[in-house]
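I opened my notebook to go through this structure one item at a time. Here is what I looked up, in the order I went.

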Amino acid sequence: MAPQERTPCCEQDDDSRQNASIDNNLSAIDLSGSFVNKAFTSDSTDNLAKSKNVKIDDSINNNDKNDNTKKPTDFDDLLPYVGEFGLYQKILFLLMIPFAFFVAFVYFSQIFMTLAPEQHWCWVPELANLTVEQRRALAIPPKSDGPYAHERCRMYSADWTKALAEGRTTPDDEWQIIPCTNGWEYNKSDVPYDTIASELDWVCEKDNLPATAQAIFFCGAIVGGLVFGWIADKYGRIPALVGTNIMGFTAGVGTAFCTSFWSFALCRFLVGLAFDNCFTMMYILVLEYVGPKWRTFVANMSIALFFTLAASLLPWIALWADDWRLFALGTSAPFILALATPWVVPESARWLVSQGKIDKALTIMKKFERINKTKIPEKVLSEFTESSLKMIKECEAECRTYSVLDLFKTPRLRKNAILLIVIWMAISLVFDGHVRNVGSLGLDIFLTFTIASATELPADTFLTAVLDRWGRRWLACGSMVISGIFSLLATAVPVGGPSASLAIMGRFAVNISYNIGLQYAAELLPTVVRAQGVALIHIMGYVASIVAPFVVYLANISPDLPLLILGVLGVLGGLLCLFLPETMDTEMPQTLQDGENFGKDQKFWDNPCFSRKKDEDENPERYTKRASLPANHEETHFVRALPSAIGSRASIRASIRASARGSLRQREISRNREVV
């Protein structure tokens, strides 16, 4: 079960509550010099994006007067003063580069450590003085069917000393055929360096060991997500970021000294602990300090540029290293740079505020002001500080704990949760299957892997351009189905260029589905269980990824089997997306009842490309209102809120896309009203 979500203002540690009240923490703060980052507050405070000098709609004004409450100032109101993408934010954006490389190395390096040359045959020590062709002609049985002209796992049993003395160059028909007894020799034309698979002979009856080691890696990823997620909530994002990268460094370097399967599997399990978190914690930190209009750029381009570059370079690093041990050292040693993180990357101001350490958060923001050469008006900063203090006190009084089991207590919410789990498992399996199946496409694995990895750049760019125009539901369905169709077509054409081209197109399409899936869950699940729900969904995705190496392993039986399975899963997973409600331009559900009622007014064939045009012509500033809201809010102009599940690494990318467009549109509305 994922860690229970806590409202940010309820996350104060015991020491903070016992030793000093929040009022005391604020007493020594110079409010004129900095501000607290509240980019990722709870949806309960973010469901309306606010700008400075906003003129509120008459109906909202009436409600405010009746309730006698003051609308709080949030982080988006402060960013224009300090700079939404100033010099310091640009520096932090560039500092994402090494961490993006780290996560690519963690994810993909094992592929190039465990490659086994396709051409291999039994090694016969007594025939060492013969040429390769002579040894194979004398000791290896020929094979008429299949892609290989000789047996890869069996040999003739004979008195080789006598055979050589007789001058034999061909086998005797009476010789017995037995399994290899002295290891194998390899044709290294396709994998021109030693790997752990060729060094320890992970072929024939042991050819399942690379897939098993990869599955163990994903088991480590599940544990790591829980462990470092807890550390991030308890001790901060920086300790979690440093800890996960140092774990990757230690276990990665240890991998280079492995001499058996079990030592290798243990090291890869420990490396798996670092997977995802070694980048996502940095991803969180940077996005917290970037203004709404830049979040989509930072969220997508950090992946599209940095991660894609690292993945595309990785096979050539393996070829340059020319040895799997040196490759393991070369891709793990750079992780030690994470030790410098506390001196160059600021802690999450949002997390500091959630712990009652507002003074430390303000100190960090003073640094932003100094580097960006900006200044926040004292009045705006004071209003923000007061609203933060008020929210903390209110949440301390009202904080309630929810369980992920709450997702399964009502029918519609249960249906959506189950669909999200199944769809994400399908997406994860198809994505990871395509990543690892490049060796079965009949072309050079290093070039094919580079081209397939490069599809992340156009996929992310395309998604950024169309996601808020075409919606999530039909785009997720279409991209998954197209991925499945291309995978199925790849089995109907000759192995080599045609099949590889179609498989790469399938990889491109599933890249789009993967990125949509990251966002869909964060937008659809209620705030009160979003962190737990998203974590559960992505843990189930890791479970599916455990199966992916064994799906790819089926290529040893038939090269078409992996693509057939990936194709069927792609089509089925895509069709299941149509049973989810559309979340584009809607306010995200906050309560469990909101989640139960979400999308009730939608029809199966609804499509934003057609149904939204009339509404926008009539009222271009209005967002779709969820069905669960009370009648007296009929005229409220809703914007999509930012998820509170910032602690969940899986929902971060989704949070940014979910918030950016709504914040910008609301600011435009405010400016238009000021003109009026």
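This is a predicted model: local features need pLDDT of at least 70, side-chain atom pairs count only at pLDDT 80 or more; totals for chains, interfaces and linings use all residues.

**Entry 1: Gly330**

I began with Gly330, which sits in helix α15 (residues 324-332); helices here are DSSP runs of H or I with at least four residues, strands are runs of E with at least two, and both are numbered from the N terminus. Gly330 has a relative accessible area of 43%, so I logged this residue as partly exposed. My cut-offs were under 20% relative accessible area for buried, over 50% for exposed and partly exposed in between, with a 1.4 Å probe and protein chains only.

Residues are numbered from 1 along each chain as its sequence is written, and side-chain values use heavy atoms, with hydrogens and water left out.

**Entry 2: the whole chain**

I counted 29 helices and four strands in the protein chain. Of its 676 residues, 57% are buried. I also looked at contacts (heavy atoms within 4.5 Å). Among those with a separation of 6 or more, 82% join residues 24 or more positions apart.

**Entry 3: cores**

Which residues touch the most other members of the largest nonpolar core? I found Met96, Phe108, Phe112 and Phe275, in a core of 143 residues. Helix α6 (residues 87-113) supplies the largest share of this core, 17 residues. For the record, a nonpolar core is a set of buried Ala, Val, Leu, Ile, Met, Phe, Trp, Tyr and Cys residues joined through side-chain atoms within 4.5 Å.

**Entry 4: α11 against α12**

Next I took up helix pairs, using axes fitted as lines to C-alpha atoms, for helices over the stretch in contact, and angles from 0 to 180 degrees between N-to-C directions. Helix α11 (residues 237-255) packs on helix α12 (residues 261-274) at about 160°, and their axes are 8 Å apart. The two are therefore roughly antiparallel; the classes are under 35 degrees for roughly parallel, over 145 for roughly antiparallel, 65 to 115 for roughly perpendicular and oblique for the rest.

I marked the crossing of α11 and α12 as left-handed: the near helix is turned anticlockwise from the far one by less than a right angle, while clockwise would be right-handed. On the α11 side, the residues that meet α12 include Thr244, Met247 and Ala251, and on the α12 side they include Phe264, Cys267 and Arg268. By class, I have eight nonpolar, five polar and one charged residues in this contact. Here Ala, Val, Leu, Ile, Met, Phe, Trp, Tyr, Cys and Pro count as nonpolar, Asp, Glu, Lys and Arg as charged, and the others, Gly among them, as polar.

**Entry 5: α22 against α24**

The axes of helix α22 (residues 456-470) and helix α24 (residues 497-524) come within 9 Å and cross at roughly 50°. That makes α22 oblique to α24. I put this crossing of α22 and α24 down as right-handed. Glu456, Asp460 and Phe462 are among the α22 residues that meet α24, where Phe508 and Asn511 are among the partners. The class count for α22 with α24 is eight nonpolar, three polar and two charged residues.

**Entry 6: two positive phi values**

Most residues other than glycine have a negative phi, so I listed exceptions. Asp201 has a positive phi of about 60°, lies in the loop between α9 (196-199) and α10 (209-235), and is buried at 18% relative accessible area. Lys373 has a phi near 55° and lies in the loop between α18 (358-372) and α19 (378-398). Is Lys373 buried or exposed? I have this residue as exposed, at 75% relative accessibility.
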